[in-house]
Amino acid sequence: MAVRQSYDGPGAGEADSTVVIPPGSVSQVGQRLAEARVIEYPLIFRAAAWATRGDGPLRAGEYLFPAHASLRQVLNILRHGAEVQHQVTIPEGLTGQQIANIINALPVAIGHVAPPAEGSVLPQTYDYVWGTKRASILARMRVAMEALLAKQWAGRAANLPLSNPRQAVILASIVQQETPLETDMPKIAAVYENRLKAGMKLQADPTVIYAASGGKQSGGMSITKADLQLASPYNTYVHNGLPPGPICSPGAMALKAVLHPADSNALYFVATNDGTHRSIFTHAFKTQLDNIQRFLRARK
């Protein structure tokens with residue numbers, strides 16, 4: 001009767017406990033659980049594990065043990081329970097270096113990653129468990145981008161001035177940095193695609209920021225007249241067409257916007273600077289100049 005109570009009765013844990021169980025012997029696992037106050041008697045744990053060995057091996061990992069978990073519960077968690085899930089969120093619009101910084105700072109993951117190619121990973125939230133290789137997390141991000149891009153490219157609108165999926169990512173990376181508003185993304189995409197069709201320079205400020213910062217960022221900083229004259233191939237004020245590569249990792253909505261742009265003949269836009277982040281669009285250069293003056297007055 002005493003053994004059954006020890007196996008099925010309430011355990012020593014006073015509260016829910018998350019415990020990392022490294023690879024090791026049953027004795028080492030029992031000792032780790034005792035140190036974490038999940039169990040009280042490692043010898044009884046060893047005996048219970050041996051008696052129930054037919055249920056499967058004990059697994060390494062990070063597990064959540066509820067308060068007062070019985071030995072039966074503890075052993076079941078170690079054999080069949082789900083590991084604790086951690087999450088990493090990659091925001092839209094980050095450069096490869098910024099993404100690598102996030103991944104390399106992840107807790108309980110192992111290894112080190114170099115910055116991924118710009119635009120090669122999909123910004124979203126990913127789950128991972130204790131001991132996951134950081135390179136594996138990054139690889140999943142690449143696969144997610146490849147899958148989404150293939151699907152969206154296959155369903156793209158007709159008559160786009162984009163020859164291949166990579167060009168879609170390049171333009172989406174610019175749109176991503178131009179606005180946080182999903183409703184404005186198709187309109188801004190239309191402006192840039194209209195410019196491409198007309199043979200006009202894109203004159204996209206985010207590309208200048210990317211060039212001026214040496215590829216460290218593509219938003220969040222002002223640009224100077226000197227920046228606008230940089231000889232970098234990423235400077236779309238100097239060079240025609242798309243830059244040679246993406247300037248950040250665009251999200252799903254920015255990709256969708258460039259592959260399904262708004263039905264618009266606009267060639268210009270300017271942010272309203274009224275706190276909404278919304279932009280004003282126009283086809284006429286003179287109207288654009290007037291809009292810019294209103295923007296400058298509002299900024300003052």
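Reader: At what angle do the axes of helix H3 and helix H4 cross, and which term describes their orientation?

Author: In this predicted model, the axes of helix H3 (residues 42-51) and helix H4 (residues 71-80) come within 11 Å and cross at roughly 60°.

Reader: Which residues make the contact between H3 and H4, and how many of them are charged?

Author: H3 contributes Ile44, Phe45, Ala48 and Ala49, and H4 contributes Leu71, Val74, Leu75, Leu78 and Arg79. By class, eight residues in the contact of H3 with H4 are nonpolar and none is polar, and the number of charged residues is one.

Reader: What is the angle between helix H2 and H3, and what is the handedness of their crossing?

Author: Helix H2 (residues 26-35) packs against H3 with the axes 9 Å apart and an angle of about 135°. That angle makes H2 oblique to H3. The crossing of H2 with H3 is right-handed.

Reader: How are helix H7 and helix H9 oriented to each other?

Author: The axes of H7 (residues 165-178) and H9 (residues 205-212) come within 8 Å and cross at roughly 100°. The range for a roughly perpendicular pair is 65 to 115 degrees. H7 and H9 are therefore roughly perpendicular to each other.

Reader: Which residues of H9 make the contact with H7, and how do the classes divide?

Author: The contact of H7 with H9 has two nonpolar, two polar and two charged residues. H7 supplies Ile174, Gln177 and Glu178. The residues of H9 are Asp205, Pro206 and Thr207.

Reader: Which element gives the largest share of the largest nonpolar core?

Author: This core has 49 residues, of which Val88, Met141, Leu162, Tyr192 and Val258 touch the most other members. Helix H5 (96-104), strand E4 (125-128), helix H6 (134-154), H7, helix H8 (185-198), H9 and helix H11 (252-259) each supply at least two residues. The largest share, eight residues, comes from H6.

Reader: How many residues does the second, separate core have?

Author: Ile21, Ala34, Phe65 and Val74 are among the members of a second, separate core. The number of residues in that core is 19.

Reader: Which residues does Tyr192 touch beyond four places away in sequence?

Author: Tyr192 is one of the residues that touch the most other members of the largest nonpolar core. Not counting residues up to four places away in sequence, Tyr192 touches Leu171, Ile174, Val175, Glu178, Leu202, Ala204 and Phe269.

Reader: Which residues of H11 are buried, and what covers them?

Author: The buried residues in H11 are Ala254, Leu255, Ala257, Val258 and Leu259. What covers these residues includes H6, H7 and H8.

Reader: Is Ser70 buried or exposed?

Author: Ser70 lies in the loop between strand E2 (61-65) and H4. Not counting residues up to four places away in sequence, Ser70 touches Tyr7, Asp8, Gly9 and Gly11. Because its relative accessible area is 5%, and the cut-off is under 20%, Ser70 is buried.

Reader: What is the phi of Val108, and what is that of Gln203?

Author: Val108 lies in the loop between H5 and E4 and is partly exposed, with a relative accessible area of 27%. Gln203 is found in the loop between H8 and H9 and counts as partly exposed at 35% relative accessibility. Neither is a glycine, yet phi is positive in Val108, at about 60°, and in Gln203, at about 50°.

Notes:
Residues numbered from 1 in each chain as written. Predicted model: local features only at pLDDT ≥ 70, side-chain atom pairs only at ≥ 80, totals over all residues. Heavy atoms only, no water. Axes fitted to C-alpha atoms, helices over the stretch in contact; angles between N-to-C directions. Helix = DSSP H or I, 4+ residues; strand = E, 2+ residues; numbered from the N terminus. Contact = heavy atoms within 4.5 Å. Nonpolar A, V, L, I, M, F, W, Y, C, P; charged D, E, K, R; others polar. Parallel < 35°, antiparallel > 145°, perpendicular 65-115°, else oblique. Core = buried A, V, L, I, M, F, W, Y, C linked by side-chain atoms within 4.5 Å. Buried < 20%, exposed > 50% of the residue type's maximum accessible area, 1.4 Å probe, protein only. Left-handed = near helix turned anticlockwise from the far one by under 90°.
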